[in-house]
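Here is a short report on one protein structure. Keep the sequence and the 3D view open as you read.

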Amino acid sequence: MQLLDVTDLNTSFFIDNNVMHAVDGVSFSVPKGEIFGLVGESGCGKTMTALSVMRLVQPPGRIVKGQVVFEGKDLLGLSEREMEKVRGDRIGMVFQEPMSALNPVFRVGEQISEAIIIHKNVGKKEAKDRAVELLKQVGFDEPEKRYSQYPHQLSGGQRQRILIGIAISCGPSLVIADEPTTALDVATESQIINLLENLVNDSAMSMIFITHNLNIMRKLGKRIGIMYAGRMLEQNLVDVFFREPLHPYSKGLLSSIYGLAGNQKRLTAIPGSVPKLAELPRGCKFHPRCPYVMPVCREEEPVIKEVGKGQWVRCYLY
Ligand SMILES: Nc1ncnc2c1ncn2[C@@H]1O[C@H](COP(=O)(O)OP(=O)(O)O)[C@@H](O)[C@H]1O
Ligand SMILES: [Mg+2]
């Protein structure tokens, strides 16, 4: 058993008389102590997958089907009260926008203390000591001074460090980081990624690292999942993936980034664009853009198959 086993997760939006399948039959596992990279273009369902795992999907969205087994319990079967004990305590979260995730009127240190007090049976003093310790752990040289500052006194990267401090404050076994560096400049981005990587390496914690930037995963993490139009198209080991990706979409993504010399084109190097959820094609959702398309791809969607240890692909070529 893995730390997290997501099986056949389906999350849809119900708007007027339409149903949009934002997450469609997604399965993946996160082993203990590993980073799992969830990668895909904007709108492919990464955030909805994360919110589904945390049971934070808001109407008109709803989890329709699936299993989310975490530490041996199916989270989808818990009461909201039990789920609140999991959130922030066993599973920490880091989101894209550090400013909106922090409360502007409270000192950043207090926001870490507060997170500890909510879940752990400790007093104010102990929570503060622990918060100062966490500030040090996430890279602040003068943790006591930082404790008393307000969010607006910190840079974007420093605010993201605070959020990471909150996410790990209760010693979670899983952290979900949803595009945690997208709002940051490149230098700050690599510092934050190093910090997250070190935190995972120094503990038994696991992480789901969500990004639209495949390049980040080149050095980060052990396993990768590639999403497209709400589906998982491929799961692979990071090392293998960057050498020999399985799915034609993955091949397209990689050659668009590392393609022919002088070719600076990005994802648009794959002809066509990501289809809208409301107008998905029949069959394989990638077939209109696929250089290997066969008649069957237009008719029926392939199922995801295991083709090697830890390697899964949703494609008729396999
Ligand atoms: N509040 C919403 N109402 C309707 N549809 C939504 C809403 N939020 C997300 N979606 C749909 O779910 C899809 C997946 O969104 P999301 O998980 O946020 O993508 P990603 O994080 O990969 O960029 C989107 O393409 C969008 O069509
Ligand atoms: Mg997102």
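## Strands S1 and S4

Phe-13 stands opposite Gly-61 in strand S4. That pair belongs to a model that is predicted. Strand S1 covers residues 4-15, and strand S4 covers residues 61-70. Eight bridges join S1 to S4, and the two run antiparallel. In general, strands of a sheet pair through backbone hydrogen bonds, either parallel or antiparallel.

## The hairpin and the open sheet

S1 also pairs with S2. The pairing is antiparallel and spans 10 bridges. Ile-15 stands opposite Asn-18 in S2. S1 and S2 form a hairpin, with two residues between them. In the turn, Asp-16 has a positive phi of about 50 degrees.

Now step back to the sheet. Four strands form an open sheet, and their order is S2-S1-S4-S5. The pairing is antiparallel. Which are the edge strands? They are S2 (18-30) and S5 (73-74), and each pairs on one side only.

## A helix across the strands

Helix H1 spans residues 46-53 and lies across S1, S2 and S4. H1 runs at about 110 degrees to S1. Seven of the eight residues of H1 are buried, so the helix is largely enclosed by the rest of the structure. The buried residues are Lys-46, Met-48, Thr-49, Ala-50, Leu-51, Ser-52 and Val-53. Just after H1 comes Arg-55, with a positive phi of about 55 degrees.

Strand S3 holds residues 35-39. Is S3 largely enclosed, or largely open? Five of its five residues are buried, so S3 is largely enclosed by the rest of the structure. Ile-35, Gly-37 and Val-39 point one way from S3, while Phe-36 and Leu-38 point the other way. In a regular strand the side chains alternate between the two faces of the sheet.

S3 pairs in the parallel sense with strand S8 (residues 206-211), over five bridges. There, Gly-37 stands opposite Phe-209 in S8. S3 also pairs in the parallel sense with strand S9 (residues 223-228), over four bridges. In that pairing, Val-39 stands opposite Ile-226 in S9.

## Two nonpolar cores

Which residues touch the most other members of the largest nonpolar core? They are Met-207, Phe-209, Leu-214 and Ile-224, in a core of 52 residues. The largest share of this core comes from helix H8 (residues 186-201), which gives six residues. In soluble globular proteins, nonpolar side chains tend to be buried together.

Look again at Phe-209. Leaving out residues up to four places away in sequence, Phe-209 touches Ile-35, Phe-36, Gly-37, Leu-38, Ala-177, Pro-180, Ile-193, Leu-196, Ile-216, Met-217 and Leu-220.

## How the helices pack

Two packed helices are described by the angle between their axes and the distance between the axes. Start with helix H5 (residues 124-137) and helix H7 (residues 156-168). They pack at an angle of about 125 degrees, with their axes 9 Å apart. H5 and H7 are therefore oblique to each other. H5 passes H7 in a right-handed crossing. Arg-130, Leu-134, Leu-135 and Gln-137 in H5 meet Ile-162, Gly-165 and Ile-168 in H7.

H7 has another partner, H8. The axes of H7 and H8 come within 10 Å and cross at roughly 15 degrees. That makes H7 roughly parallel to H8. Their crossing is right-handed. On the H7 side, the contact is made by Gly-157, Gln-160, Arg-161, Ile-164 and Ile-168. On the H8 side, it is made by Thr-188, Gln-191, Ile-192, Leu-195, Leu-196 and Leu-199.

## A buried arginine in a loop

Where is Arg-289 found? It sits in the loop between helix H11 (248-258) and helix H12 (295-299). Is Arg-289 buried or exposed? The relative accessible area of Arg-289 is 6%. Buried means under 20%, so Arg-289 counts as buried.

Arg-289 and Pro-248 are 41 residues apart along the chain. Their C-alpha atoms are separated by 9.3 Å.

Technical notes: Residues are numbered from 1 along each chain as its sequence is written. Chains are lettered from A and ligands numbered from 1 in the order in which they are written. This is a predicted model: local features need pLDDT of at least 70, side-chain atom pairs count only at pLDDT 80 or more; totals for chains, interfaces and linings use all residues. Side-chain values use heavy atoms; hydrogens and water are left out. Two strands pair if DSSP finds at least two bridges between them. Contact means heavy atoms within 4.5 Å. Axes are lines fitted to C-alpha atoms, for helices over the stretch in contact, and angles run from 0 to 180 degrees between N-to-C directions. Buried means under 20% relative accessible area, exposed over 50%, partly exposed in between (1.4 Å probe, protein chains only). A nonpolar core is a set of buried Ala, Val, Leu, Ile, Met, Phe, Trp, Tyr and Cys residues joined through side-chain atoms within 4.5 Å. Angles under 35 degrees count as roughly parallel, over 145 as roughly antiparallel, 65 to 115 as roughly perpendicular and the rest as oblique. A crossing is left-handed if the near helix is turned anticlockwise from the far one by less than a right angle, and right-handed if clockwise.
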